[in-house]
Amino acid sequence: MHLLSIFFKRLVREGHLAVIDAEGETHHFGEREKPPLTIKLHDRRVAREIALNPALKAGEAYMDGRMTVEGGATIADFLDLTLRNIGMNSVGGLLAWLTKARYLLRRWAQWNTRSRARHNVAHHYDLSGKLYDLFLDTDKQYSCAFFETPHDSLETAQKQKKQRIAAKLALKPGMSVLDVGSGWGGLALQLAQTADVDVTGVTLSQEQIKIANERVANAHLNDRVRFRLEDYRNVSGKFDRIVSIGMFEHVGISHYNDFFAKISSLLTDDGVALIHSIGRADGPGVSNPWISKYIFPGGYTPALSEVVPHIERNGLIVTDIEIWRLHYALTLAEWRRRFTANWDRAAQIYDERFCRMWEFFMAAEEMAFRHQGLMVFQVQFSKRIDALPLTRDYMVPNAQEVLRARTVDKASQSIAQVQPERS
């Protein structure tokens, strides 16, 4: 416990953390005048393991039941406290050296060949579809939603996300669209139904493509939508629009140039592409070791500075960048609420350890968006500088309707101001 006490004394400045060690002794850290958040360590080794490698071992300890959160608090409360104290600052000592070592090895960890990419996708996305039904919205959108207000429902926020993406693509009837990493097919189906376009979706997940193809058949859209089990590197043809939502995190930094070279070769001369990805605000970094081991092997959250140069090198012009800050935190909070409400059903599909793993995953990601500089970026780019309208008003869903409503409202106010009062 000695090493862990040193670690928490340095870390906890805001809030009050109480740790019950394996002998039953309670140790206090931070602002003792505040109510404590209490965790309990169930064996002697776990304290040393967490102290030496907290980024990996805290999650493992919670998964294995060797560390529990007491007094009605949750693992999200514990991660909120600790990550709020870390913030976007680096932690010194051994953890800093471990981070540097992971940085030096990150290209190997993200060397996502075709076979390795298939294996990485299967690890996460080929889990039982019944699991995802427990926490996703009805359209099975497994990426950041867009909350126009914090009180939007998940279904509303995911619909707003798809509407904003469709608007940014500036679609016209009959256009050909490529959806890279098409998931369960919700975006492709909506684009075909609302914009009258032809959509090809590619994914490496066998579970996702099975459900996506069932949805196409049920919607009677086989003539306009198709999904293929295919690596993006094998796609051929030309497309007016290319969209990729939540897939770029799996490309791997060693393959960024190949990715954008492929996108460039697939775009028509007046084509437009949109990439939606989780990003980091503090520059290049490393993947969290627990997330890499248990959730997204081969994955990486890039900084914009690591992405834009590859777009430029491949003859593409960045036409717009938008940053979504807390939207994913709100999305993850709702996913976690739904998941924990269905805990028993999730445990029947897998087991209690799996449930604790996914609860930790959702909570850790949410708090990283709240406290550690994670965000979502959408980068729009094209080959031609005149491929899109002169202003970005078209990017707002129903922009013309909104502008007309504002014009009518202003006109009504002006008329009201000049009307004489009536007795």
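Two residues are taken here to be in contact when heavy atoms lie within 4.5 Å. The structure is a predicted model, in which local features need pLDDT of at least 70 and side-chain atom pairs count only at pLDDT 80 or more, whereas totals for chains, interfaces and linings use all residues. Residues are numbered from 1 along each chain as its sequence is written, and side-chain values use heavy atoms, with hydrogens and water left out.

The protein chain contains 18 helices and 11 strands, assigned as DSSP runs numbered from the N terminus (helices, H or I, at least four residues; strands, E, at least two). Of its 423 residues, 55% are buried (under 20% relative accessible area, with exposed meaning over 50% and partly exposed in between; 1.4 Å probe, protein chains only). Among contacts between residues at least 6 apart in sequence, 71% join residues at least 24 apart. The accessible surface of the chain amounts to about 19,900 Å², and 52% of this belongs to carbon and sulfur atoms (Shrake-Rupley method, 1.4 Å probe; for residues, only the protein chains shown count as cover).

Strand β3 (37-41) is largely enclosed by the rest of the structure, because four of its five residues are buried. Strand β1 (residues 16-20) pairs with β3 in the parallel sense over four bridges, pairing requiring at least two DSSP bridges between two strands. In this arrangement L17 stands opposite L37 of β3. The pairing of β3 with β4 is antiparallel and extends over three bridges, with K40 opposite T68 of β4.

Helix α2 (residues 44-52) has V46, A47, E49, I50 and A51 buried. The cover over the buried residues of α2 includes α1, β3, α3 (54-63) and β4 (67-69).

Residue I6 lies in helix α1 (residues 2-11) and is partly exposed, with a relative accessible area of 39%. Together, L3, I6 and L52 make a nonpolar surface patch of about 210 Å².

Residue R164 is located in helix α9 (residues 154-169). With a relative accessible area of 14%, R164 is buried. Neighbours within four places in sequence aside, R164 is in contact with F146, E322, W324, M395 and P397. The side chains of R164 and E322 are joined by a polar contact of 3.0 Å (a pair of N or O atoms within 3.5 Å; within protein, one must be able to donate a hydrogen and the other to accept it, and residues adjacent in sequence count only if both atoms are side-chain atoms).

Technical notes: Patches are made of residues with over 30% relative accessible area and no salt bridge: like charges are joined within 9 Å, nonpolar side chains (Val, Leu, Ile, Met, Phe, Trp, Tyr) within 5 Å. A salt bridge is a side-chain nitrogen of Lys or Arg within 4 Å of a carboxyl oxygen of Asp or Glu.
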